Amino acid sequence: MLLIFRDIERQAGYLRPEHCAPPPPRTHSADDMWFIRDGCGIVCGVITWLLVFYAEFVVVFVMLLPAKNVAYSLINGAVFNGLAFLALASHFRAMCTDPGAVPKGNATKEFIESLQLKPGQVVYKCPKCCSIKPDRAHHCSVCKRCIKKMDHHCPWVNNCVGENNQKYFVLFTMYIALISLHALIMVTLHFVFCFEEDWAKCSSFSPPATVILLIFLCFEGLLFLIFTAVMFGTQIHSICNDETGIEQLKKEEKRWAKKSKWMNMKVVFGHPFSLAWLSPFATPDHGKANLYQYVV
């Protein structure tokens, strides 16, 4: 039996299970909401929601309601508000879903014995949270837990992006990029309309206030579009290559079986392909998409 505690040890005793207190008894169910109490992450999450609400305010009250074309207002209002709702729902799910945390303090003697390890089999212990780490798990210093298939810790969702919530994070970046692009297009059309018409007729606010609100929305939309579009592309690339951000940075050797890019997408978004891929309310059903296929 081969057991590892940072460095390779050759006896189970070197895992020092006696140093790990048994995990505290659970006083709540597994369905309870996951939430990280991190000051920076909470502030970033609140700022994210406030910026979306600001965009909602400018789009609806500055651009759409004063517009003379009712069809234009209704169609763009429905599209923008629908995408904004999906973006915030995705953010909430990414923030409040357990990303794949390993049970804390499970590196006890009883648990190690229950694993029924074969001769030569390797297990890892995290000295920080006293847990037996599964393959491809990494410890997060903010969440103070080992996270399965941890990609990175994102303060904007106040959570790690891992095995169980990567879908919601990807949807969040996609929907934010879409509403940012939509807002920029509407701002451009509004400026063109206002230059051709009387400024007093193109907004319920005074011309200076209208210009300031639209400029702030332009700056916000451009910044968020670039950031989320890059993040979305990076995430899709990582999913297709079945390699997390941490594994790429550490250049870890791939010890898991290679799967097709389409199968890797199904692992994250669910099997089989359906419109549920685009819904933050649908929990991925992996089905035949095996989460772990390691090369022995």
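In which loop is Gly162 found? In this predicted model, Gly162 sits in the loop between β8 (159-161) and α4 (166-196).

**Surroundings of Gly162**

Gly162 has a relative accessible area of 0% and is therefore buried, the cut-off being under 20%. Leaving aside residues up to four places away in sequence, Gly162 touches Pro99, Ile147, Lys148, Lys149 and Met150. For one of these, Lys148, the C-alpha atom is separated from that of Gly162 by 6.1 Å, and the two residues are 14 residues apart along the chain.

**Salt bridges**

Side chains of opposite charge can pair when their charged atoms come close. The model contains four salt bridges.

| Residue | Partner | Closest N and O atoms |
|---|---|---|
| Asp242 | Arg136 | 3.1 Å |
| Arg136 | Glu247 | 2.8 Å |
| Asp242 | Lys259 | 3.4 Å |

Salt bridges that share partners join Arg136, Lys149, Asp242, Glu247 and Lys259 into one network. Lys149, a member of this network, is also one of the residues that Gly162 touches.

Asp242 forms a salt bridge with Arg136. This pair links distant parts of the chain, 106 residues apart: Asp242 belongs to the loop between α5 (207-240) and α6 (245-250), and Arg136 to the loop between β4 (131-133) and β5 (137-140). Why does Asp242 count as buried? Its relative accessible area is 8%, which falls under the 20% cut-off, so Asp242 is classed as buried. Arg136, with a relative accessible area of 6%, is likewise buried.

Arg136 also forms a salt bridge with Glu247. Because Arg136 lies in the loop between β4 and β5 while Glu247 lies in helix α6, the pair ties together parts that are 111 residues apart in sequence. Glu247 has 0% relative accessibility and counts as buried.

Asp242 forms a further salt bridge with Lys259. Here the loop between α5 and α6, which holds Asp242, is tied to the loop between α6 and α7 (261-269), which holds Lys259, so the parts brought together are 17 residues apart in sequence. Both Asp242 and Lys259 are buried.

**Packing of helix α1**

Helix α1 (residues 39-64) packs with α5 at an angle of about 135 degrees, their axes being 10 Å apart. The two helices are therefore oblique to each other, and α1 passes α5 in a left-handed crossing. On the α1 side, the contact includes Leu51, Tyr54, Phe57, Val58, Val62 and Met63. On the α5 side, the contributors include Thr210, Leu213, Phe216, Glu220 and Phe224. By class, the residues of the contact of α1 with α5 comprise 15 nonpolar, one polar and one charged.

How do α1 and helix α2 (residues 70-96) pack, in terms of angle and axes? Their angle is about 175 degrees, with axes 11 Å apart. Since angles over 145 degrees count as roughly antiparallel, α1 is placed in that class relative to α2. The contributors from α1 include Gly45, Trp49, Phe53, Glu56, Val60 and Leu64, and those from α2 include Tyr72, Asn76, Phe80, Leu88, His91 and Phe92. The contact of α1 with α2 has twelve nonpolar, seven polar and one charged residues.

Val52, Ala55 and Val59 of α1 are listed in the contact with α5 and also in the contact with α2.

How values were computed. Residues are numbered from 1 along each chain as its sequence is written. This is a predicted model: local features need pLDDT of at least 70, side-chain atom pairs count only at pLDDT 80 or more; totals for chains, interfaces and linings use all residues. Side-chain values use heavy atoms; hydrogens and water are left out. A salt bridge is a side-chain nitrogen of Lys or Arg within 4 Å of a carboxyl oxygen of Asp or Glu. Helices (H or I, at least four residues) and strands (E, at least two) are DSSP runs, numbered from the N terminus. Buried means under 20% relative accessible area, exposed over 50%, partly exposed in between (1.4 Å probe, protein chains only). Axes are lines fitted to C-alpha atoms, for helices over the stretch in contact, and angles run from 0 to 180 degrees between N-to-C directions. Angles under 35 degrees count as roughly parallel, over 145 as roughly antiparallel, 65 to 115 as roughly perpendicular and the rest as oblique. A crossing is left-handed if the near helix is turned anticlockwise from the far one by less than a right angle, and right-handed if clockwise. Contact means heavy atoms within 4.5 Å. Ala, Val, Leu, Ile, Met, Phe, Trp, Tyr, Cys and Pro count as nonpolar, Asp, Glu, Lys and Arg as charged, and the others, Gly among them, as polar.
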